[in-house]
Amino acid sequence: MTDLYQSQRAMRNMRQQAMQRGVLAVLDIGSSKVACLILKFGVSEGPREGSGVGALAGQAAFRVIGAGTTRSRGVRFGEIAAMQETERAVRTALQRAQKLAQTRVDHAILCFSGGDARSYGLEGMVELEGAHVSEDDIARVLDACDVPDLGAGREVLHAHPVNFMLDHRSGLSDPRGQAGRQLGCDLHLLSVEADVVQNLVHCLKRCDVEVAGLAAASYVAGRAALVEDEQELGAAAIDFGGGATSLSIFIKKHMVYADTVRLGGDHITSDIAKGLQIPYSAAERIKTFHGGVHATGKDDRDVIEIGGDSGDWEKDRRTITRSELIGIIRPRVEEILEEVRARLDVAGFDHLPSQQIVLTGGASQLPGLDGLAAKILGQDVRLGRPIRVQGLPQAATGPSFSAIVGLCQFAACPQDEWWDFDIPAQRFAARPLKRAMKWFKDNW
């Protein structure tokens, strides 16, 4: 745990240094595409009001000066499956963005959807050392949160304090400077498989770029697609990616739950390719131009030419109706939405004051998906697009770029996390002892 805490602090310091130099890259390494944006930072604007537990890492104004996108290679389910192919794709996206920006970048922040993300809700309570809440008290209450056994080979990716309690008062976003006797905290912790993270970091090092930060695609996509009221009152963002579908739940402007379904748009394309016995590229084209989830009487007469260049005259001139195509697509879409519904039920989404669901990601553009999602998920559903970012190319404003636009926000306006507070290293050594003492008290 000490190594993770120190490495996250080191990455946060690297991000600050890169921002001081003026440029920083953000990378979305997905199963269907690798996208890169280069940000140019200006004068710091200081922390925003009501932005959480103060932004110790600072906030900055920025604009996009370079963008590059390429087809992803060697990535399955949001995880690297072939290092060399992924490296080539990352290099291509980086070089295109650097050429457009006419500058070179040495540091990048990246997001990914793999790693089998798991959410934990933790709580801690301490007595104040003085009359008012200090920075040290915040550090102590975060350290008092009893971290569960995450399992072998897992690391903490995010650790957000989502709520503070001071004596009998709850719902505090920043208790520093307030008088009280006892301070409590609710912490949301997100863990991922360490090997997945190490592979991504190693891939970027092979591309001569240092990793200055890591983020879950579910978290950053939610920050980009949800409007401020939805983040405050409670909403779920569902990011339909190529290899995986990520979901995150926000309330009081903090993510309180995240999960990933290992099914996405690529599986729909694969079903079409297998069902029609056509190449994957042809299946992707047919899905993009003719796909949908609701069949009408008109679709029975809407004929689609499959095409192809196999050399077989009969096979290359086959046709299907749009109803038949929808019959292939809809079962897989229903399966994905049923999985998402199960994850939302586990998270207790029904108990939130507002139950808005926002669909984003490339596969969310399938016609009729919002209506089908409303039937299966049983809530208010809307299609979400990422917020506007200064300098962002028009081609990168669609739902498929929600994650990387949210990553720009994550880079410039970070929410405070566990490692932003100066927790003494010796306290980590006492963790196993504290856990053992708690077990002894509970069982004897």
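The model is predicted, with local features requiring pLDDT of at least 70 and side-chain atom pairs counting only at pLDDT 80 or more, while totals for chains, interfaces and linings use all residues. Residues are numbered from 1 along each chain as its sequence is written, and side-chain values use heavy atoms, leaving out hydrogens and water.

Strand β12 spans residues 235–240 and is mostly covered, six of its six residues being buried. Helices (H or I, at least four residues) and strands (E, at least two) are DSSP runs, numbered from the N terminus. Strand β12 pairs with β13 (residues 245–251) in the antiparallel sense over six bridges, where strands pair if DSSP finds at least two bridges between them. The two strands form a hairpin with four residues between them, and F240 has T245 of β13 as its bridge partner. With β17 (residues 356–360), β12 pairs in the parallel sense over five bridges; here A237 stands opposite V358.

These pairings belong to an open, mixed sheet of five strands in the order β14-β13-β12-β17-β18. Its edge strands, β14 (254–261) and β18 (380–383), each pair on one side only. Strands β13 and β14 pair in the antiparallel sense over seven bridges, with I249 opposite Y257 of β14. Helix α5 (residues 217–225) lies across β12, β13, β14, β17 and β18 and runs at about 60 degrees to β13. Contact means heavy atoms within 4.5 Å; axes are lines fitted to C-alpha atoms, for helices over the stretch in contact, and angles run from 0 to 180 degrees between N-to-C directions. Helix α11 (residues 322–347) lies across β12, β13, β14 and β17, at about 140 degrees to β14.

A nonpolar core is a set of buried Ala, Val, Leu, Ile, Met, Phe, Trp, Tyr and Cys residues joined through side-chain atoms within 4.5 Å. The largest such core has 76 residues, and V26, L39, V90, F112 and L204 have the most contacts inside it. Helix α13 (residues 402–412) gives the most to this core, with eight residues. A second, separate core of 40 residues includes V333, F349, L377 and V381.

L27 lies in strand β1 (residues 23–29) and counts as buried because its relative accessibility is 0%. Not counting residues up to four places away in sequence, L27 touches residues including V90, L204, I404 and L407. The C-alpha atoms of L27 and I404 are separated by 6.8 Å, although 377 residues apart along the chain.

Note on methods. Buried means under 20% relative accessible area, exposed over 50%, partly exposed in between (1.4 Å probe, protein chains only).
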